[in-house]
Amino acid sequence: MQNWTGMDEFVAVATTGSFSAGAKTLGTSTTRMSRIIAQFESRLQAQLFDRTTRSVTLTDTGRAILDQCRRLLQERDEVLASVTAQGEPRGELRVTCSTAMGERFVAPIMRQYAMAHPELIVSLDLTNRIVDLIGEGYDLAIRTGQLSDSRLIATRVASRAFLTCASPDYLKSAPPITTVSDLTHHECLMGTSATWRFRQGDMDIFHKPDGRWRCNSGTTVVEAALAGMGICQLPEFYVLKLLDEGRLQLVLEDFRPTKEPIWAVYPQRRHLVPKIQGALKSLRRELAHAIAQT
């Protein structure tokens, strides 16, 4: 196992950005961490970090092998997990999620999960880009809507409601809106979704919004709605408080869409790994409650 020695330490320092932080995540001393990585570099006959009194940065060699080392450690964890799924969550857990949901809901849950498991390193990447979990080496993604990648397992962990609303000032001067088709006569404020969903009875209705304002930030779309620029459809956590305050008003309430599922998605072969199982348990237990308390 000598060839493995130093790989955990290398990934920990590369992930946390310092020897002291890396040592803390592995429950060891900075001195021991430094010595083991120096021995690892000696075996590789290559320097992995540029060290100064103020910073630690990866060398070109360190950057080149980091993802490979992460994958090797993940595969090692998976082999151990295939023998027993009762182990303590450890190693690096790479999670990706959309920015707004991640900042508001997922980050606090993952932070508490990391604090409860000292041998676990959590790397949370907040992006609205659809990440290739397998190709980019991620363990877990939080996604919404319909899923299509057959290489992945999806577990429903929560759901979210979408609300359609506008400011009172906009509605005073705009044409009446009583059916979904009336939206063609209105300014629609568009976010990341190209299609708005509604429901009448047991039938889904889809509308392609059109307007003069589009932004991939839900907060910015809300600000445009408050300014009287038009109608928006957003997850309820963006607008509930504003609706309670009367600064926004619901429209098309009789056509409110069914709630959209929120999925935890992960590669098939990793479903037994303790760090994945623990994260799923935390998300199932806490995410729906957090959204409901918005």
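Residues are numbered from 1 along each chain as its sequence is written, and side-chain values use heavy atoms, with hydrogens and water left out. Since the model is predicted, local features need pLDDT of at least 70 and side-chain atom pairs count only at pLDDT 80 or more, while totals for chains, interfaces and linings use all residues.

The search runs on a 1 Å grid over the protein atoms alone: a cavity is a set of points where a 1.4 Å probe fits but cannot get out, a pocket is an open set with protein on both sides within 12 Å along at least five of seven lines, and lining residues have an atom within 4 Å of a point. Grid points are joined across faces, edges and corners, and a volume is the space filled by probe spheres set on the points.

| Space | Volume | Lining by class |
|---|---|---|
| Largest pocket | about 1,100 Å³ | 17 nonpolar, 18 polar, seven charged residues |
| Second largest pocket | about 190 Å³ | five nonpolar, two polar, eight charged residues |
| Largest cavity | about 40 Å³ | six nonpolar, one polar, two charged residues |

For the classes, Ala, Val, Leu, Ile, Met, Phe, Trp, Tyr, Cys and Pro are nonpolar, Asp, Glu, Lys and Arg are charged, and the others, Gly among them, are polar.

What sits nearest the centre of the largest pocket? Out of 42 lining residues, S98, T144, R160, T192 and E260 do.

The second largest pocket has 15 lining residues, with D8, L26, R90, G91 and E92 closest to its centre. Elements giving two or more residues to that lining are α1 (7-16), α4 (60-83) and β3 (91-97), and α4 has the largest share, with five. Helices (H or I, at least four residues) and strands (E, at least two) are DSSP runs, numbered from the N terminus.

**α1 against α2**

Helix α1 packs on α2 (residues 19-26) at about 125°, with the axes 8 Å apart; axes are lines fitted to C-alpha atoms, for helices over the stretch in contact, and angles run from 0 to 180 degrees between N-to-C directions. That angle makes α1 oblique to α2 (under 35 degrees is roughly parallel, over 145 roughly antiparallel, 65 to 115 roughly perpendicular, the rest oblique).

In contact terms (heavy atoms within 4.5 Å), D8, E9, A12, V13 and T16 of α1 meet F19, A21, G22, T25 and L26 of α2.
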